[in-house]
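Subject: Structure for your review

Dear colleague,

I am passing on the structure below, and after it you will find my notes. Please read them alongside the coordinates.

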Amino acid sequence: MASGSVTGSTDSPADTPDTKRPVVTRFAPSPTGFLHIGGARTALFNWLFARHHGGRALLRIEDTDRARSTEEAIDAILDGLDWLGLDYDDPPVFQSQRAERHVAVANRLLDAGHAYKCYATAEELEQMRAEQRAAKKPLRYDGRWRDRDPADAPADAPYVVRLKTPEQGESIIDDAVQGRVKVRNSEIDDYVLLRSDGTPTYMLAVVVDDHDMGVTHVIRGDDHLNNAFRQLPIIHAMNAITGEWAEPIYAHIPLIHGADGAKLSKRHGAMGVDAYRDEMGLLPEAVSNYLLRLGWGYGDREIIDRDEAIALFDLSGVGKSASRFDTKKLANLNGHYMREADDGRLADLAAPRIAALEAGFDAGRDRDLLIQAMPSLKARAKNLDELAQGALFLFRNRPLPMDEKAANLLTDDARQLLVDAHERLLAADVWTSESLEANLKQMAEERELGLGKIAQPLRAALTGQAVSPGIFDVLVLLGREESLARIAAQAPAAGQTDTNR
């Protein structure tokens, strides 16, 4: 409806809160599935805007579709919001519990002449639409009962209640993101407020709930822009009756697309927020930072923590164009937050993943070692799975499993170097990364080799992998006895010496 009607710019007072009306935002998901990434961004923008302006952030669960709404989905949404650190100032409002209030507003509109009873049958409406399709006209209710006397209807005939929308002129929204948008009122038909069974429609329930919750700013996806023009007539009609219904400020955010510009789908990363945590092993602060920058900007800043986001966020920074979801950028951002994270916290997050991969790991017994290893492990990990995988060598028993790349490093020449390295390390009086590095560098110089020629077979013998933390850190973390035993296992001649010396 509103497509192609945008004029003006975003430099509008629309995004400036009215000092007489403290800012109130709301996030209103439908619990028919997981909290998807687009919904999470909408939740974040609403939350940040409220916090930035010292206002209130509210949560409404729009569960009027009882056939599709589930407790499991509600729990998933609440869990995802909690994981992202989005707290709310009141308990959640459940729309399904407010039907009586929605019906009362519809009846008030009916009594004041702003709505009417429509007795058109399903067959009549289908014939109407067929004629409109044949004439290539928009499919809209034709107002056949708008001014008709209800007494013309058969006795006890079922009816719906329709809003009497304006027929002349145009409606204007100064959207805080999209700019000024105009729609001819003739494009908006008299839509249903109450179904024939007396239940309220989504369009009515949303407007009533926003008013009753005191919502000042409706921040949502731009696929709802057309809905705003259908919701305004309810607000105007109720304000004409009571003088107490104010228009909210609208801010319709462009949707998220995949990296290829197509509509975001599961192949682009359109999964539930729980999948980013559980399946991808990402940190909430990284996901939050990425969602913030997905359609909002502050200069060239990419790394913006939560406190800074609250200080900086406003609707003027939201762009009009669709954002593109980039999983590589998200992974890199998560790597940054992994390096910044507390070592004990990372150890606790990685522990269940390590236990799932290595039966010999005991979270209680091995936690201290994992924390000690964390500075080396997190430097090269982009997610918790990589962190767990990188830590496995610490907790595996001999004989150490060997991946293919590591096995290929252990040539006959490499194994001879291991024999010599074992001999030197066995004689070492000090077991620190600095002393061990000096010792092996001296060995490399004596043999006129690069240090990597010794370090790589050592890495394979000590970790069973071709990639690991720095080899001197590995030696310290494993300790003298275990390190020498692992080297000896891959250099049998070295086993003839006493590793417990």
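Helices (H or I, at least four residues) and strands (E, at least two) are DSSP runs, numbered from the N terminus. This is a predicted model, in which local features need pLDDT of at least 70 and side-chain atom pairs count only at pLDDT 80 or more, while totals for chains, interfaces and linings use all residues. Residues are numbered from 1 along each chain as its sequence is written, and side-chain values use heavy atoms, with hydrogens and water left out.

Helix H16 (residues 433–446) contains Asn439, which is buried at a relative accessible area of 16% (buried is under 20%, exposed over 50% and partly exposed in between, with a 1.4 Å probe and protein chains only). Beyond its neighbours within four places in sequence, Asn439 is in contact (heavy atoms within 4.5 Å) with Arg424 and Ala428.

Turning to the aromatic rings, those of Phe, Tyr and Trp (its six-membered ring) pair if their centres lie within 6.5 Å, and planes under 30 degrees apart count as stacked, over 60 as edge-to-face and the rest as tilted. By this rule there are eight aromatic pairs. In one of them, Tyr290 and Phe325 have ring centres 5.4 Å apart and planes at 85 degrees, so the pair is edge-to-face; it links Tyr290 in helix H8 (residues 284–292) with Phe325 in strand E13 (residues 323–325), 35 residues apart. Tyr290 is buried at 5% relative accessibility, and Phe325 is buried at 2%.

Best regards
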